[in-house]
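Have the sequence and the 3D view ready as you read.

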Amino acid sequence: MTDYVAAIDQGTTSTRCIVFDRKGDICAVAQKEHRQIFPRPGWVEHDGLEIWANVETVVKQALESLKIKPADLAAVGVTNQRETTLLWDKATGLPIHNAIVWQDTRTDKLVKKLGGQKGQDRFRKTCGLPLATYFSGPKIRWLLDEVKGARKRAEAGEVLFGTMETWLIWKLTGRHVTDVTNASRTMLMNLKTLDWDEDMLAAMGVPRAMLPEIRSSSEVYGEATGVLAGVKVAGALGDQHAALFGQTCFEPGEGKCTYGTGGFLLVNTGEKPIRSKNGLLTTLAYRIGEAKPVYALEGSIAVAGALVQWFRDNVGLVDTAPDIEALAGSVKDNGGCYFVPAFSGLFAPYWRADARGVIAGLTGYVTKAHLARAVLEATCWQVREVVEAMNADSGVDLVALKADGGMVPNNLLMQMQADILGAPVIRPKVIETTCLGAAYAAGLAVGFWPDQAALKANWKKSAEWKPKLDPETREQHYRKWKKAVQATMNWMDEDDG
């Protein structure tokens, strides 16, 4: 009997393979970074072939470290950076252009054109999303318009589209499929029918022939060849949906925040979609086999951990990302400065592509330690804004926040988040909940785990932080943060490239 399930997590900065046992504990991990390609300001690309090569590498490394073979795996699940868009030649398997990453803003003018007089909410009723550079649909349109011959070939089904899980499943099995969570991020899927919407396709100018088949998040898509030969590929979830599933947020009202390259707060809203009135996204949480789909509200923050990376790589004020905790902890506050990292505009709840980052409140008193603290606080303030929008839409105030992702080992950050929210923050025993959610989806599909109750029994708390900051100080700092956010807006002009 097989004792393990593997998950491939194709993220924004790296790709990982993690092997889990029946308790949901981590048995092996392998990880490899890929290049970030910046052709122009605001443009971000990835090399699809480099990412596939990295997948092969990390899968081999994870299996070798545990001294197991593909035959020892019950199944493999895939999770991915979501809206990142790749087109490839069906016959050769070669990408026709680098993948356009979710953070990329090149479709800004196209998005405004698509909105017309109705603006960013033109398609929200159908797909649950505002018109924004974030989503896949406008990126597909841009590629079809800009890559010579792409549109004609796409209409003939010779050029295929996929977000990164579709690309990897296609490379593994030859099947051209996506799951409902990733499809819900394209602006092309109807939230009610869970199928590609003909009106959306026509408005966006995307041929149906190039699109993958939409399937559930937990079912057998096919059998892998190559590095995972014979293993059933049986689960797929966009990374934030996978984290929600890995945190076992199966009941309406349960939610989590993932602190990664960006920050993403999702709350399970049950079997009916809730339309946000406060700048949030209505999205699929997951769909298990033939069960009814489960929906979620999401607040997306473009820059969280990416700001720490910037602080390390672009300005060189720390040598490694973990060093920021000690530096920020060497001062008791931010010295009056606030950092709003609107590098790619502002996401939830503002959706302002014209915004750009600012550091506000600088004085001669401010040191690099105060800046480090402002960098960490930036994530916490952005999460608070999303939580307030979530509370307004749901009518229920957040009681506690489950936290996961690459930033949560930073204890200072977790305490800051509790202070800024005025609510407890809880870290689970297994913080790699994105991979865990993909593994759970795959394992359920093949009977490795009997049901979702068994997954719930696996969840364990490792730490909890309670707020220590007095409410008056919290609200004073929040007012300053809000003023700094306003300073980011209207920065980009019509003639900016």
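Let us begin with a charge and a ring: the charged end of Lys-402 sits over the ring of Trp-459, at 4.3 Å from its centre. Arg-106 is placed over the face of Trp-142, 4.6 Å from the ring centre. Keep in mind as you look around that this is a predicted model.

Two of them are set out here.

| Ring pair | Distance of centres | Angle of planes | Arrangement |
|---|---|---|---|
| Tyr-134 and Trp-351 | 6.0 Å | 25° | stacked |
| Tyr-440 and Trp-449 | 4.9 Å | 90° | edge-to-face |

Why is the pair of Tyr-134 and Trp-351 stacked? Their planes stand at 25°, and planes under 30 degrees apart count as stacked. What does this pair tie together? Tyr-134 lies in the loop between helix H3 (124-127) and helix H4 (136-146), while Trp-351 lies in the loop between strand S17 (338-340) and strand S18 (358-360), so the pair links parts that are 217 residues apart in sequence. Both Tyr-134 and Trp-351 are buried, and Tyr-440 and Trp-449 are both buried too. Tyr-134 and Trp-351 also belong to a cluster linked by ring pairs, together with Trp-102, Phe-135, Phe-264 and Phe-347.

Tyr-134 turns up again in the nonpolar core. The largest such core has 141 residues, and those touching the most other members are Tyr-134, Met-187, Met-210, Phe-245 and Tyr-259. Helix H12 (residues 368-394) gives the most to this core, with 14 residues. Another core, of 36 residues, lies apart from it; its members include Tyr-4, Ala-30, Ala-62 and Trp-167.

Which residues does Met-187 contact, leaving aside its neighbours within four places in sequence? Among them are Phe-123, Cys-127, Leu-129, Pro-130, Leu-131 and Ala-132. Phe-135, Pro-138, Met-200 and Met-204 are also in contact with Met-187.

Gly-157 lies in the loop between helix H5 (150-155) and strand S8 (159-162). Is Gly-157 buried or exposed? Its relative accessibility is 13%, so Gly-157 counts as buried. Not counting residues up to four places away in sequence, Gly-157 touches Lys-90 and Ala-209. Gly-157 and Ala-209 are 52 residues apart in sequence, yet their C-alpha atoms are 4.9 Å apart in space.

Methods: Residues numbered from 1 in each chain as written. Predicted model: local features only at pLDDT ≥ 70, side-chain atom pairs only at ≥ 80, totals over all residues. Heavy atoms only, no water. Phe/Tyr/Trp six-rings, centres within 6.5 Å; stacked < 30°, edge-to-face > 60°. Helix = DSSP H or I, 4+ residues; strand = E, 2+ residues; numbered from the N terminus. Buried < 20%, exposed > 50% of the residue type's maximum accessible area, 1.4 Å probe, protein only. Lys NZ or Arg CZ within 6 Å of the ring centre and 35° of its normal. Core = buried A, V, L, I, M, F, W, Y, C linked by side-chain atoms within 4.5 Å. Contact = heavy atoms within 4.5 Å.
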